Each structure stands twice: as C-alpha cells, then as structure tokens.
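Reader: I would like to learn how to read a model like this one. Please take me through it feature by feature.

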Amino acid sequence: MSKRIWQSRYIYLLILPTIVYFAIFTYTPFYGITIAFKDFKIMSGIMHSPWVGFEHFRSMFDSEKFPELLKNTIIISLYRLVFGFPVPILFALLLNEVRHLWFKRIVQTVTYFPHFLSWVVFGGIIYNFIGPSGIINLLLVNAGLDKFNFTTNADVFRTVIVITAIMKEFGWGAIIYLAALSGIDAQLYEAAKIDGAGKMRQIWHVTLPGIRPIIALLFCLQLAGILDAGFDQIFIFLNPAVYDVGDIIDTYVYRLGLLQSQFELATAVGLFKGIIGVILIVSANNVIRRMGEKSLW
Amino acid sequence: MYQMRHRKTWKLGRLSVLLLMIVSLIAGCSSNSSNGNTGNTGNNGNNGNKGNTADNDGGNAGSSSGKKLSFSYLRPTWGPATYTKNGAYEKELFKQANVDIDVRIIPVVDYDSTIKTTAASGDMPDAVWATGPVDPFWKDLQDQDAFTKLNDLLDKYPAVKAAVPDGIWDKMKDDKGDIYFIPNLIYPVVPFFINYRADIFEKLGIAEPTSIAELEAALQKIKESEPGIVPMTHGNTIPFWAGKDVATSFGDAYGWAPSKDDPNKLLPPEMQDEHLNYMFWLQDLKKKGLFDEEAGVNPDASFGETKFKAGKAAVILGGNLQSLLPELRKADPKATIKTMSPLAGPDGQKGGTRVVFPQDRGFYINKKAEGKADQIFQFLNWSLTDGSDFRRYGIEGKTYTVDDQGRKVPIPDDERESDYKSSQIEPLRFLDPMSEKLDWQAIELQFAGGGMQDQFAYYKSMFEKYAATPYNDYKDPTVSSPTNAKIGAQIYEDYMAKVSGSILTDMKLTKDDYIKARQKWLDAGEQKIIDEVNELQKDKSEPNYVD
C-alpha cells in the first residue's frame, strides 16, 4: 500500500491542494454546526458557549408555522420537479433536431441569458409584467377586462413561482443534456433509420436511452435538494399575503435567523435540512443503482 | 534515453503544476486585510487640492504626539451608496483632522441584518454603527464586554459629552452606570406631512381637506376626474409608517399607550383599537381605489415618491418637500405642492405628529480597538470644536457659498462636483450635537440654496402645526423584556407577521382575522412580554423628548 502511494506520489501531491481546500473550507466549518446545540455567545465563541441540548430543535418543531413551512417547501419543490425537470430535456431534444446552426445558436443565447441574471433583476423584470400596474394588467384594462392580481394572490403564487423558475433556467439546464446527446453514436441513428424508425421512434429508442444515465443522475441530485425550494426566487416574490402557500423554511429562517439574529435556530434548521437531504440522496442513489443506472457512488 | 527524458519532463511538469497550485492556494488564503496602516493612500495633502480653501493649518485631531490616527469605521448610509474612497472631500478631512479612516458603508435597509452577522463572526471594525442598547442583541453583546467603556473618555472630552443631552446619556447607561454607546441624535419631531398637488386640487375645485372625511371625499373626486392620477400614495418607507401622522387623527400614536381600562398598564399598538382603525382605514381606501394599488406590493419602497415626482399622484403621505418640489417641477414646471394641516379624525380627534425617540442608531468602539479609543475621541472632539465648521459646512466653493450677509449657504447636491456630493460626505459623518438638530437658520439656508426660499416660512409654519400636537410612544425603548429577547421575534413571526403584513395586500383580511391571530400571539407569550414590560418600566407617564 505504502509502496503504491510512493509510486504515485506526484499524483497524490497533485490532489493534495484540493484535499486541503475542501478540508479547510468545507469540512472544518462543520464545527459550526454545534451552534445548533448551544446558547451561542458571540464573545465566548462557539467552543465556550453553553450547551442547551435540543432546545432549538424543540422550538423549531413546536412552532405553529413549521408544518406549514415544511408543506410549502416540499410542495413547491415537487412542483418544480414534476413541471420543471422535464422542460430542459424536451428543450434539448428539440434543439438537437434543429439543423440550421445560426437559428440554434440564437435560440440557445436567448434561452441561456436569463440564467445569468440574478433573481433580484429577473424578479424586477417579471414584476414589470405581472405587477398591479404591469404590462399584462395594462393590456387587460385596455381590452376592457378587469385587472388580475398576480403578485399577492395565494391562488396563483405557486404557479407563478414554477413558471418563472422554468423560464429562467430551462435554457441553461438543457446544456448538460445537449452535451450528453452529442455523445450518442451516430451509427445508432443510422441503424434505426435502416430499420424504418421515424423521428419520434429515433428519439424514443435511441436518444432518450442515450441520455438516461444523465437524467437519472440529475434527478437524484435534484431529489436531494427537495428542502431547497429556491430561497432567492421565493424571497423576491414573497409577500405576507401569500405566506400560507409560499413561505418556505429558508425564508422563515432568513427572517428569524438573520434579521432577528437567532443564529442557533437558523443552524438547527439548516442541520435538519442537511440530514433530510442526505437521507434523500442516499435513498435515490440506491434506487437508481438497483434500477441498473449509473449511480453517484 | 528518450523515455527517460520524457519521464523527467513529465515529472517536472507535474511538479510545476503542483507548485503553482500551492502558491495559488497560499495567495488565496492570505489576508488582504486593510486594517492597520492602510498603505498610505495619499492623504498627505499633496494631491492637487481641487480648490480647497479651508484652513489648511486648522487645529487637528491628531494626538499630542502628532502621529496620524488610523482606524476602521463601518456605518449605514441613508443616501445613495455610491461612496468611493480617496475623494477630494475625504482627503481634506483626513488632512485637517490628521486621521486615516478606512470607511465601509452598507445601505441602511440592509444594515441591521448585515452588521449583526458581521458581529457574530467576531470580526468587527474599530468603530461600528449599531442600534445600541435599546436592541437586545447589542445589549447582550455589550454585556459580553465586546465594546470599549466610554465613561472616562466622556469626562476627558467634554465637547463630546455636551453634544448629547444628559437625559439621552442616562438612557445609554447600563445597570452599573457605564456607557458604551455614542448615540446618533435626531430631533424627536419628524413630521411626515400630508403633501398634495395644490394645482390639481385647485383645478378640480377641491378645498384643502381639514378632516379624514374631507380627505376621502377629495380622493374620490380625484379618482373620478383624473383617471391617470393615483389619488394617494406614500413616501419612501413602509406604508403604515409613512402615514404615521395621519394615524394620529385616529388617536393612534403608533406605539405603546396606556390601556383604557387601566392607565397604569401599557399596551403595544397591536392591542389598541385606534391602531387597528387606522390600518383598516388605509385598507378600505385601497379597496376603493383611493390609495396606491402598489402600496405593500411593490418591492421598491420609493415607488410612491417616483410617481409623485413624475406628476402621477395627487397626495403623498410622507416625503420631503425639499426633494419633491424640484423633481416634480422638472416633470411639470407649473406644479405646486402644499401640505395639509393635521386632520381631524372620524371622532373629532385632533391630529398631530408621532414623536420619535431622539436617537437613531449610533456607534460603539470595538473592545479590540480600545487602544485607539482615546484618539477616536480626540477626533470627535476636534469635529465638535476646531473642526466644527468643516463638519457642518464643508469646503467653501465646493459644498457651500457665502452670501452677501456672510451666511454659509449649502450648494444643492446636484450642483456639486462629484467628490463633494452628500453621498461622499455622509459616510464620513460621526456625531452631530443635538443643538444642530433643529436649526431653523440652517434649514432656511438649505431652502435658499435649493432656490426655494419662498417656501421656507410656509414649511416652518406647517412644522409647528404638526408639532403642536405630539403623540408619544409611552414605552421606554431601553426597557427590554427577557421573554421578548428570547421568543418575541419568533412568536411575532408565527402569529402576527402574516396578518400585520397583509392588511394592504389581502383585501379579504378582516379585523376579526387580525384579532384572532392576536389572541394566539398573546397566548403564545406576548401577554407575558406585556406584563414584563409593565413590571420593568416603573414610570408610565407620557415621555417628553422635545423639551
């Protein structure tokens, strides 16, 4: 073993900075998780702050808001998964069939662009469309119709969230599928054609199986983040009038943990989310492996 | 032979890459702290002085040894966050005061959350703005010995001590009589006027409203006659607070007040009918289309002022005449603005203004910078004595001119060179004495500088009308309930945040819904908090911050 390590010493040396980097910036901060179990005193530091056991977890689970927050977080994440996950795949499949390179590039540029805008900017643009004095309401009024409340209407809040999230990210999300599509052997398509397969059949029997490992991998990763319903976006669109359907764990933690400086509670909630995320990713990975797909580990 | 050379080259290549990565890692992790001597940024005065005419040899704050004081300073800014280091004003200040201040700013809307996170990291600058001991977070940090005790320094530098009224210093004391916090003073009377477009009112034949009912009737007429105009909007803050002085017409002091059943028991605003009446009145106006449909919805708090300045709104709650009028006249040169006198309420209640505690934040000196505290006080002392003129007026020809009566007239911001605009000066402000907080002569000169001398007398008379009927928050802000510190924020979030925050956005929300949520809030711990406040605050008489 030691001989093997010595033989590959340069390779190990090469990877050493990466290991050091992750050790310092990713694993060492885990120490801060202990804040969740302490009455954190800034001047005493994490080490010397007194332990309070599971008090912050109790206060999280006892909160009347918690079931609602958990429900909203999971529902919004599932909506994103169900409606948002297939869109980049479909878009990549469509784009893959485009034969005019200039058209393909224009479409790609236009659809990638929103990804590079922050949610603050993109949310502002969306507000100019759907706000009370926005373009859509202006058109409705000019058409003799009543204004529609998009922004503080609990009935449409989740729909607005899912649609705007898809609009912003579907182009960028398609990149990885396009890369996978380019790796499919062209001979398979030729063989399918010889066998009489049309476009749809080719997509069904060649393209989709070709990118299935990537789809499974990304699905697995997205499932792990089911308690991350998209803080930036929801924070921008959220309003107390839609708390019932839109307030998620992260926005609540932001208001209470950061704005009100309850760092211990914020850490406890973060730890809870992390544990759920680990359980989900391990479960999803096992399911995928048993299905015979390429798993994460 | 070839293979050996190839292997050697390969090894060398890998070693080089490895070395490069290690160097990058070390460089990336090394501190870029600008604390300490911040590499002389050229503040020696030999910088081409852009026409500075202030006394170059004026007394300075520098220590008796003449060594330049260097410290870091973090504060919020209310104006545009466009400060850039090494501006001409900053250089002149540093030269005159013999200091080198490493300034960082954070826009005030983000300040409280950002600074608390910074404080929690344990990496605070030498002088740091905070809410002070009125906030349980800072009080707790103060009690943990995070800041320098100032008692001796206040005795040593009487100009600093004299800048703040004794009554405010008393409020800053902890239970041992120690002071750690230098308050930023504000004049307690800050009327949020009800400004209106006098030209629109005149055109529609509407007399200036004197009561809430007349205001409603006026708004209704504007809505029917001027479809492109928003009848009423609000200034650059949350809608209910923008209307704090309209609230007084409902008897709402927007703060703790004695219970009707027991004058010796104070109750928070959420428990008062007057407060609810005011908030649901605004909701009703919005339902009728008389109050801006974007109130409470638009994430940009300044939308109301933008509309008013663009000539798209007829009445605005709050908003500053000195900024509204010049901007409005750019859009509509014939526009005129007037201010409604405090309105009579639905029950005949006399309106006035909600008075505020005369302190809005302030700053601490970090315990780690205790060694610099004396020099920081020397600088503050200079700014209140030898440097007082520089602090108040700035530089002749750049920030003010002298009129034929010898008065220093401020140059309006949009006429100043970029290095002398208020956004470059505000980050370098520290302590202004209470005696300057309501200086009518200075305000008159500001009006004169902005070309609005003719508006000054009117403005002053309206100020006095509002100030004549003060409404106070009875709660002593330095009294803090232990239960509130522990669970106050959480129970408010859990039970009240939705109803309080959605009165103007959920038109189906009723007073009954509010009262039901309030009951749950009381049961969850708010009642205990109210009891504790009443227990801890012995003096329940109406405060008087003005005299």
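Author: We start where the chains meet: 33 residues of chain B are in contact with 32 residues of chain A. Two residues are in contact if their C-beta atoms, placed from the backbone, lie within 7 Å.

Reader: Which elements give two or more residues to the side of chain B that touches chain A?

Author: Four helices of chain B do: α1 (2-29), α3 (108-120), α4 (136-143) and α20 (482-501). Helices (H or I, at least four residues) and strands (E, at least two) are DSSP runs, numbered from the N terminus. By class, that side of chain B has 14 nonpolar, 9 polar and 10 charged residues.

Reader: What should I know about the model itself?

Author: The model is predicted: local features need pLDDT of at least 70, side-chain atom pairs count only at pLDDT 80 or more, and totals for chains, interfaces and linings use all residues. Residues are numbered from 1 along each chain as its sequence is written, while chains are lettered from A and ligands numbered from 1 in the order in which they are written.

Reader: How many helices and strands has chain A?

Author: Chain A has 16 helices and 0 strands. Its C-alpha atoms fill a box of roughly 80 × 75 × 30 Å along the principal axes. The radius of gyration is taken over C-alpha atoms, and the globule rule is 2.2 Å times the number of residues to the power 0.38. For a compact globule of 297 residues the value would be near 19 Å, but chain A has 24 Å.

Reader: Into which domains is chain A divided?

Author: Domain bounds come from an automatic or database domain assignment. In chain A these are domain 1 (1-52) and domain 2 (54-290). Their centres, taken over C-alpha atoms, are 32 Å apart. The contact takes 7 residues of domain 1 of chain A and 7 residues of domain 2 of chain A. On the domain 1 side of chain A, 5 are nonpolar, none polar and 2 charged.

Reader: What share of chain A counts as buried?

Author: A residue is buried if 20 or more other C-beta atoms lie within 10 Å of its own, exposed if 12 or fewer, and partly exposed in between; C-beta atoms are placed from the backbone. In chain A, 28% of the 297 residues count as buried. Take Leu78(A), in helix α5 (residues 66-84) of chain A. Leu78(A) is partly exposed because 13 other C-beta atoms lie within 10 Å. Leu78(A) and Leu227(A) are 149 residues apart in sequence, yet 9.7 Å apart in space, C-alpha to C-alpha.

Reader: Where is Ser261(A) found, and what is its phi near?

Author: The general idea comes before the case. Most residues other than glycine have a negative phi. Ser261(A) has a positive phi, near 60°. Ser261(A) sits in the loop between α15 (249-259) and α16 (263-290) of chain A. Ser261(A) is buried, with 26 other C-beta atoms within 10 Å.

Reader: Where is Asn98(B) found?

Author: Asn98(B) is in the loop between α2 (88-97) and β2 of chain B. Its phi is positive, about 55°, although Asn98(B) is not a glycine. Asn98(B) counts as buried because 20 C-beta neighbours lie inside 10 Å.

Reader: In what order do the 5 strands form the open sheet of chain B?

Author: Two strands pair if DSSP finds at least two bridges between them. In chain B the order is β2-β1-β3-β12-β4, with mixed pairing. β2 (99-107) and β4 (181-185) of chain B each have a single partner strand, so one side of each is left without a neighbour in the sheet. The twist averages 25° from one strand to the next.

Reader: How many bridges join β1 to β3 of chain B?

Author: 2 bridges join β1 (residues 69-77) to β3 (residues 127-130) of chain B, and these strands run parallel. Leu74(B) has Val128(B) as its bridge partner in β3(B).

Reader: Which helix lies across β1, β2, β3 and β12 of chain B?

Author: Axes are lines fitted to C-alpha atoms, for helices over the stretch in contact, and angles run from 0 to 180 degrees between N-to-C directions. Helix α15 (residues 370-384) of chain B lies across those strands, at about 65° to β1(B).

Reader: Into which domains is chain B divided?

Author: Chain B has domain 1 (69-187 + 359-438) and domain 2 (194-354 + 470-536). Their centres are 31 Å apart, taken over C-alpha atoms. The contact takes 5 residues from domain 1 of chain B and 4 residues from domain 2 of chain B.

Notes: Ala, Val, Leu, Ile, Met, Phe, Trp, Tyr, Cys and Pro count as nonpolar, Asp, Glu, Lys and Arg as charged, and the others, Gly among them, as polar.
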